[in-house]
Amino acid sequence: MSADESDLKRRMDGALEALKRDFAGLRTGRASTSLLENIQVDAYGAAMPLNQVASVSVPEPRLLTVQVWDNGNIKATEKAIMDAELGLNPQTEGNLIRVPIPELSEERREEMTKVAAKYAEQGRIAIRNVRRDGMDTLKKMEKDNEISQDEQRDRGEGIQKLTDAHIKIVDELLEAKEQEIMQV
C-alpha cells in the first residue's frame with residue numbers, strides 16, 4: 001500500500017469515527033454517558049464541555065447521574081441539559097443531578113432512525129470525498145508522467161475497494177443503530 005493509500009485509509013477511518021460519535025449521541029431509551037457528551041455548560045464565564053464541570057455515571061439502565069464538582073455550576077448544568085433538546089428532565093438533589101431517561105414513543109423512534117440515516121449519509125459523503133481526492137491525485141500524477149496509465153488504473157481500483165469497504169461499514173453501523181433505536 002502506498003503512502004497515499006494509507007493516508008486515504010486514515011481519513012476514511014476518521015469519517016467512521018465521527019459517525020460513531022454522532023451515533024453515540026442519539027438517544028435510544030437506554031442511559032448512556034455519551035448522551036450528554038456534546039452538552040456545553042456556561043461556567044466560569046465560558047461555554048465548557050459538561051465533562052469539565054461534572055462527572056456523569058449510569059447507576060441504572062434508565063437513569064444518568066451528573067455529579068457537579070462546583071456548587072456554583074449546578075443551575076447552569078441543569079439548564080444546559082434541559083436546553084440540549086434531548087427530551088430530558090433533570091432533577092437536582094444537592095450537587096447531584098438525576099436525569100431519568102424516558103421511554104421513546106414510536107413516533108420519536110422513527111424520527112431518531114431518520115436522524116441516524118442522515119448521519120450515515122454524511123459519513124458516506126465524507127468517505128466518497130476522500131476517494132475523489134485520491135482519484136484526482138492519481139489522475140494528476142499520471143498526467144505529470146509520475147505513474148503509468150496502468151498503475152493509475154490499478155491504484156484507482158485499490159482506492160475503490162477501500163471506499164467500498166468503508167461504505168459497507170457505514171451501512172452495518174446504521175443497521176445496528178436502527179435496531180437499537182427500534183428495540184422496545
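This is a predicted model: local features need pLDDT of at least 70, side-chain atom pairs count only at pLDDT 80 or more; totals for chains, interfaces and linings use all residues.
Numbering starts from 1 along each chain as its sequence is written, and side-chain values use heavy atoms, with hydrogens and water left out.

- Strand E4 covers residues 63-68; strands (E, at least two residues) and helices (H or I, at least four) are DSSP runs numbered from the N terminus.
- Five of the six residues of E4 are buried, so the strand is largely enclosed by the rest of the structure; buried means under 20% relative accessible area, with exposed over 50% and partly exposed in between (1.4 Å probe, protein chains only).
- On one pairing, E4 runs antiparallel to strand E3 (residues 54-60) over five bridges; strands count as paired if DSSP finds at least two bridges between them.
- Alanine 54 has valine 68 of E4 as its bridge partner, and two residues sit between E3 and E4 in their hairpin.
- E4 also pairs with strand E6 (residues 96-100), again antiparallel and with five bridges; here valine 66 is bridged to isoleucine 97 in E6.

**Glutamate 78 in helix H2**

- Glutamate 78 belongs to helix H2 (residues 74-83), and with a relative accessible area of 12% it's buried.
- Its side chain makes a polar contact with the side chain of threonine 92 at 3.1 Å; a polar contact is a pair of N or O atoms within 3.5 Å, where within protein one must be able to donate a hydrogen and the other to accept it, and residues adjacent in sequence count only if both atoms are side-chain atoms.
- Setting aside neighbours within four places in sequence, glutamate 78 is in contact with Pro90, Gln91, Thr92 and Ile97 (contact means heavy atoms within 4.5 Å).

**Helix H3 and what follows**

- H3 has 38 residues and spans 55 Å from its first C-alpha to its last, close to the expected 56 Å; the expected span is 1.5 Å times one less than the number of residues.
- The buried residues of H3 include Arg109, Arg124, Leu138 and Met141.
- After H3 comes asparagine 145, with a positive phi near 60°.
- Isoleucine 147 lies in the loop between H3 (106-143) and helix H4 (149-182).
- Why does isoleucine 147 count as buried? Because its relative accessibility is 9%.
- Not counting residues up to four places away in sequence, isoleucine 147 touches Leu138, Met141, Glu142, Gln152 and Arg155.
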